[in-house]
Every structure is written in structure tokens, then in C-alpha cells.
Protein chains: 2
Amino acid sequence: MTDTMNIGQRIDGRYGELSPQEQRVADFILDHLSDLAVYNASELARLSGVSKATVSRLFRRLGFQDSAEVREHARTLRRHGAPVGGPGASAGTPSRLATHLEGEQENLRLLLHTLEDGRLDAAARLIAHAGNVVVIGLRGSYPLALHLRQQLAQACANVRLAPLPGQSIGEDLAGLGPHDVVVLFGFRRRTAGFGQLVAAIQRRRIPLVLIADASARRHADGAAVWLECPIDSDSAFDSYAAAMSLINLLATGAMGVHVRETRTRIAAITQVYEDLEELEVPW
Amino acid sequence: MTDTMNIGQRIDGRYGELSPQEQRVADFILDHLSDLAVYNASELARLSGVSKATVSRLFRRLGFQDSAEVREHARTLRRHGAPVGGPGASAGTPSRLATHLEGEQENLRLLLHTLEDGRLDAAARLIAHAGNVVVIGLRGSYPLALHLRQQLAQACANVRLAPLPGQSIGEDLAGLGPHDVVVLFGFRRRTAGFGQLVAAIQRRRIPLVLIADASARRHADGAAVWLECPIDSDSAFDSYAAAMSLINLLATGAMGVHVRETRTRIAAITQVYEDLEELEVPW
DNA sequence: CGGCACCGGAAACAGCTGTTTCAAATGCAA
DNA sequence: TTGCATTTGAAACAGCTGTTTCCGGTGCCG
């Protein structure tokens with residue numbers, strides 16, 4: 001059935017039956033298949049040098065009801081995997097795994113896109129030069145906070161995790177000021193007190209690095225550096241893969257700022273481990 | 001100057017000045033930055049639930065003359081810095097960030113490649129049907145273990161983390177047998193006792209899901225399912241991004257095996273949260 | 001030459017898009 | 001409360017989009 005094929009295949013299938021002007025449009029479409037959704041019918045006409053009427057007729061002939069249906073079709077193609085034009089075309093079902101992979105990669109791409117303006121370096125510098133660094137992550141964000149602290153602990157001796165058991169966050173913040181830094185993870189499903197926490201940090205003039213998904217944007221104002229990290233996933237759960245990647249970048253960045261100090265520190269830690277024979281030989 | 005920044009940065013720069021409804025649109029735009037060119041102003045309005053007037057005003061406020069200019073801007077983004085879905089042809093300077101991205105994506109690809117033979121489903125099934133599930137992660141793997149436990153706790157009531165403070169792992173394993181499962185994270189920099197731990201689990205005939213990087217291959221024999229997950233990174237630290245992705249897949253898979261039960265369980269958790277007013281309103 | 005089939009653009013037109021205007025709603029201060 | 005500023009959507013409107021109709025152009029056959 002025509003109706004089940006994508007537009008590239010439909011064109012391939014009946015290219016010969018098309019009139020010359022229609023072929024010009026068809027060529028243009030095939031050449032821009034991946035961003036077909038970006039153009040409307042008038043633009044297609046203008047860009048391929050034919051009249052709007054011809055475009056309209058072509059769509060009909062390819063089995064679409066009207067140009068709106070083509071638009072819809074093009075978007076669907078965008079969402080599910082890349083639309084390959086040629087007769088080769090799509091391999092079987094894009095498995096659940098492949099779909100998942102696509103999503104993760106998209107998240108990574110988005111993440112890097114937002115970081116391109118230098119805010120990552122700003123955050124790294126803040127951390128590297130801070131007197132004390134307090135890492136906070138509640139609920140789902142706790143494992144992330146923990147991981148960041150582990151990484152940073154190799155670079156700086158003055159990194160704490162909060163809240164420690166039996167302590168309130170207020171106590172953790174006590175004594176901190178403009179020369180310190182709080183790194184706060186605030187991913188989806190925040191506790192009710194989150195806004196107040198941000199406010200409290202702000203009140204004490206402690207520079208805040210806020211790492212969270214888009215839903216925390218409203219708190220971004222209170223932060224010295226706002227690192228937005230996508231966590232959308234095709235599955236039932238959020239995926240913190242991009243967040244882990246961000247943590248790696250952040251820790252690396254903070255370390256890069258004062259390399260010498262760090263190297264010696266890592267060496268020291270490794271030494272301790274080896275002394276205790278805690279480690280397996282790592283290769 | 002506003003005029004030289006891309007739309008995402010412009011929004012970030014003055015998000016606070018935007019009115020609530022404008023923020024809704026801004027959120028939507030940020031969430032769909034990569035295919036902004038696909039939507040026209042009316043659709044943006046409809047999809048973010050505001051009037052066309054508001055969208056129009058937002059564009060002005062962001063420094064664009066009209067929606068046509070935004071459209072043009074979006075297309076330029078697509079062509080240049082933009083994340084197009086296709087087979088990644090990275091142009092320009094491969095910045096530190098871009099290099100990092102490449103590495104992470106390679107890790108994800110490798111991960112998915114190893115999972116394609118069905119071992120992921122095997123692991124998920126094991127977990128879904130197990131009597132008790134014990135998740136173990138030491139040292140650097142601890143945050144991962146914690147995260148997996150949090151995810152699984154939504155699907156099954158019988159998931160524990162080990163070792164609990166003040167307990168030895170031996171005690172945690174006590175009473176477990178062939179109908180239970182241990183999920184063990186064993187990423188690089190394992191403790192000296194790791195091999196003994198695997199042996200102990202094996203001795204008790206507890207099915208073992210081992211999640212680790214290639215350096216743990218020597219322990220793979222002792223596992224019912226061996227999930228190898230790459231963590232190599234171009235930076236000084238290992239990156240657990242792929243591991244997080246794997247955890248997501250595993251939790252989802254375990255959930256998929258008995259969907260009904262899980263849905264109700266998550267619903268119940270959400271309900272409790274809402275009752276306690278612990279959550280921010282979730283948009 | 002006439003008759004015919006097809007092609008394709010110009011133009012008419014109905015419907016949609018995006019901007020601006022206006023008034024209602026809201027919040028805040030006095 | 002009143003007065004003022006801000007926010008917002010409804011509605012008006014000008015302009016654009018996409019479909020259809022219409023008509024001139026072209027090629028082919030007899």
C-alpha cells in the first residue's frame with residue numbers, strides 16, 4: 001500500500017510517472033528529506049522553481065490528502081530514526097534498545113549544546129577556587145551528589161556532602177559564605193523545601209551551582225551557574241546518563257583549573273589504597 | 001548583545017523577566033530546541049497552552065522582529081551548531097566538549113551492542129521473578145547501586161541495598177538462595193575482597209547479575225548474567241553515563257515483566273507524595 | 001489543418017497565521 | 001476601597017498559504 005510507505009519510498013516507486021515539474025519538486029524533497037518538516041508547501045514551490053499548484057498536485061499523486069498530511073508525515077519521520085531516501089531504506093523494527101540509544105544520545109547532544117556558552121567552565125572555576133565545596137542532592141539526586149563528591153574529593157580536600165545523617169541542611173550551610181560553593185542537584189521530584197533551600201543559599205551569598213532538569217528552571221535565577229541537564233527517556237524512568245556525563249565534565253574541569261595540586265592528590269590516594277592492599281591489581 | 005546569541009541563550013539570559021505564560025512557551029522551546037524550525041507560532045501557542053498573542057510578544061521580548069525571524073534563526077541553528085539526527089558529521093573544531101560527547105556516544109553504542117544478544121532481558125527476568133533482590137555496590141560503584149535500588153524500589157517491594165551501615169555483606173547475604181538475586185556492581189577500583197564476594201554468592205547458589213567494566217571480566221564466570229558496560233572517558237575520570245543508561249534499561253526491563261503490578265505501585269508512591277505535599281507542582 | 005490529451009502557471013478563493021488592539025482579570029500599594 | 005500597572009486572551013484584521021479552477025501552450029496523430 002502506498003499509505004504505509006514513507007515519502008521517499010513513494011517517490012522512488014513512481015518517479016517515472018511524475019511530470020517533469022513534479023520531478024523537480026520530488027528531487028528537491030529527496031535532497032532535503034531529513035529536514036522536510038522545516039519547509040512548507042509554498043517554500044517547496046519557490047525553492048524548486050515551480051508553482052504552488054504543482055506541489056499541491058504532487059502531494060496528491062503521492063497519496064497524501066493535502067500538504068498538512070505531508071507535514072505530519074515528515075515530522076513522524078523526524079521522530080523515528082533517520083529517513084533514508086534510497087531504495088535501500090529502513091531495516092526492520094528499530095528495537096527497544098536502539099530507540100533508547102537514540103534518546104540518550106539526543107540528551108547528550110542537548111546537554112552539550114547548553115554548555116557551549118562557557119557556563120561549564122564558570123562552574124568549574126567556581127569549584128576549583130572555592131574555600132569549601134558542599135554538594136547537595138536529595139531523593140533521586142542523591143546518588144548523583146554522592147558520585148560528584150567522590151570525583152571531586154580526588155581534586156580537592158575540602159568537599160563535603162550534605163545533609164549528613166543526623167544533620168539538617170541548615171547546619172551544613174552554617175559558616176559558609178561568598179568564598180565557598182554549593183553544588184545543588186535538583187532533578188525532578190524535588191522536595192517541597194527546595195525553593196527555600198535555594199533561597200537560604202542565596203541569602204547567605206554562597207555561590208550556587210544548580211544542576212537539574214528543565215523543570216527546575218524557575219530556580220535558575222538563584223544560581224550563580226545554571227547547568228540544565230535533560231533526563232527524558234523513552235522508558236518509564238528518567239535517565240541520568242547525561243547527568244553522569246555532566247558530572248564527569250564538571251569534575252574534570254574543576255581539576256583542570258589547578259592541575260598540579262590534583263595530580264599529587266590522586267597519587268596520594270592511590271598510594272594509600274595500595275598500601276592497604278585494598279585494590280585488585282587494576283590491569 | 002542580544003542579537004548575537006541563539007534563542008536558547010537569550011531565553012536563559014532573561015528567563016526571570018518573562019511572565020508566567022511566556023515562561024511556559026520558553027520552556028517548550030527549550031525542550032524542543034533541536035526541532036524548533038518544525039513548529040510555527042500557532043503550534044507553539046497551542047502546544048504550550050497559551051494564546052498566539054503571548055507567543056508573538058515573547059518573540060519580541062527576546063529581540064526578534066517577528067516570528068519569521070525566529071523561523072529563520074531556528075533554521076540557521078539547524079544547519080550550524082545544531083544537533084541533527086543524522087549520522088553525526090561533526091564540523092568545525094572538535095572542542096573538548098565535542099570530543100567528550102563522541103566518547104560517551106561510543107560507549108553507549110558499545111553497551112548496546114553487547115546487550116543485543118538478550119542478556120539484558122535475562123537479567124530483567126531474573127530480577128522480576130526473584131524473591132529478594134540485593135543490590136551491592138562498593139566504592140565508586142556505590143552511587144550506581146543506590147540509584148538502581150531507587151528505581152527498582154518503584155517496581156518491587158523486595159529490593160535491598162547492601163552493605164547497610166554497621167552490617168557486613170555476609171549478613172546481607174544470609175538467608176538468600178537460588179530464588180533470590182544479587183545485582184553486583186564491580187566497576188574499576190574494586191576492593192580486594194571482590195573476588196571472594198563473587199565466590200560467596202556463587203557458593204550459596206544465588207543468581208548473580210554482574211554489572212562492571214571490562215576489567216572485571218575475570219569474574220564473569222561466576223555470574224548468571226554478565227553485563228559489561230564501558231566507562232572509558234577522554235578525561236581523567238571514568239564516566240558512568242553508559243552505566244546509568246544500563247540501569248535505566250534494566251529497571252525498565254524488570255518492570256516490563258510484570259507491568260500491571262508496577263503501574264499500581266508507582267501510582268501508589270505518587271499518591272503518597274501528593275498527600276504529603278512533598279512535591280512541587282510537577283510542571 | 002483540426003482534434004485531442006496533457007502539462008503547468010495565473011488567479012480566484014477559502015482558510016489559516018501572526019500582529020495588534022482592546023478589555024477583563026489580577027495584583028499591589030496607598 | 002480606589003488607582004495604577006501588569007498580564008493575558010479574545011477578536012479584528014491584514015497578509016499569506018494551499019487548493020482548485022481556468023486557460024494558454026505544447027506535442028501528437030490523423
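Which residues in helix 3 of chain A meet which residues in helix 4 of chain A? Ala41(A), Ser42(A), Leu44(A) and Ala45(A) in helix 3 meet Lys52(A), Val55(A) and Phe59(A) in helix 4, where contact means heavy atoms within 4.5 Å. Keep in mind that this is a predicted model: local features need pLDDT of at least 70, side-chain atom pairs count only at pLDDT 80 or more, and totals for chains, interfaces and linings use all residues. Residues are numbered from 1 along each chain as its sequence is written, chains are lettered from A and ligands numbered from 1 in the order written, and side-chain values use heavy atoms, leaving out hydrogens and water.

**The helix pair**

- Helices here are DSSP runs (H or I, at least four residues), numbered from the N terminus.
- Helix 3 and helix 4 of chain A pack at about 115°, with their axes 8 Å apart; axes are lines fitted to C-alpha atoms over the stretch in contact, and angles run from 0 to 180 degrees between N-to-C directions.
- That makes the two helices of chain A roughly perpendicular (65 to 115 degrees).

**Around DNA strand D**

- There are 17 residues around DNA strand D, and Ser42(A), Lys52(A), Ser56(A), Ser19(B) and Gln21(B) come nearest; "near" means a heavy atom within 4 Å.
- Helix 4 of chain A gives the most to this surface, with 5 residues.

**Phosphate contacts**

- A side-chain N or O atom of Arg60(A) is 3.0 Å from a phosphate oxygen of DNA strand D.

Notes
A polar contact is a pair of N or O atoms within 3.5 Å; within protein, one must be able to donate a hydrogen and the other to accept it, and residues adjacent in sequence count only if both atoms are side-chain atoms. Angles under 35 degrees count as roughly parallel, over 145 as roughly antiparallel, 65 to 115 as roughly perpendicular and the rest as oblique.
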